[in-house]
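User: I'd like to learn how to read charged pairs and a nonpolar core in a model. Could you take me through them?

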Amino acid sequence: MLLLLAAGGCSHAPAEVAGANAERGRLLYENACSACHTTQAHWREKRLVQSWDGLVAQVQRWQAVAGQNWSPAEVDDVATFLNERFYRLPPRRQPG
């Protein structure tokens, strides 16, 4: 019911956001989201997340629904954790 994201093993993909902390993201996710989630939410065929921006949007949406009031850095940390563990989306394009 909380975050709509996917299951799998850890990868060694680079962090999606400079300075993002996937370990802190894991802790935030486990404390705020995993009580309502099964890993099926992340790997099902009709998952909502199709891009990095979509992943961040879902993290922002569901942390607000859960009353977490996470900072943008915390949202990035959770999105980075979920991407490394489940989604393996391409890195966000850097402006330039």
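Analyst: Happy to. Side chains of opposite charge can pair when their charged atoms come close. In this predicted model, Glu30 and Arg26 meet in a salt bridge at 2.6 Å, N to O (a salt bridge is a side-chain nitrogen of Lys or Arg within 4 Å of a carboxyl oxygen of Asp or Glu). Because Glu30 and Arg26 are four residues apart in helix α1, about one helical turn separates them. Helices here are DSSP runs (H or I, at least four residues), numbered from the N terminus.

User: Which residues does the network of salt bridges that share partners join?

Analyst: That network joins Glu23, Arg26 and Glu30. Glu23 pairs with Arg26, their closest N and O atoms being 2.4 Å apart.

User: Which parts of the chain does the pair of Asp77 and Arg24 link?

Analyst: Asp77 forms a salt bridge with Arg24, also with closest N and O atoms 2.4 Å apart. The pair links distant parts of the chain, with Asp77 in helix α4 and Arg24 in helix α1, 53 residues apart. Asp77 is buried at 2% relative accessibility, while Arg24 is partly exposed at 34% (buried is under 20% relative accessible area, exposed over 50%, partly exposed in between; 1.4 Å probe, protein chains only).

User: And how do I read the nonpolar core?

Analyst: In soluble globular proteins, nonpolar side chains tend to be buried together. The largest core here has 19 residues, and Trp70 and Leu82 are among those with the most contacts inside it. Such a core is a set of buried Ala, Val, Leu, Ile, Met, Phe, Trp, Tyr and Cys residues joined through side-chain atoms within 4.5 Å.

User: What should I know about the numbering and cut-offs?

Analyst: Residues are numbered from 1 along each chain as its sequence is written, and side-chain values use heavy atoms, leaving out hydrogens and water. As the model is predicted, local features need pLDDT of at least 70 and side-chain atom pairs count only at pLDDT 80 or more, while totals for chains, interfaces and linings use all residues.

Key. Helices (H or I, at least four residues) and strands (E, at least two) are DSSP runs, numbered from the N terminus.
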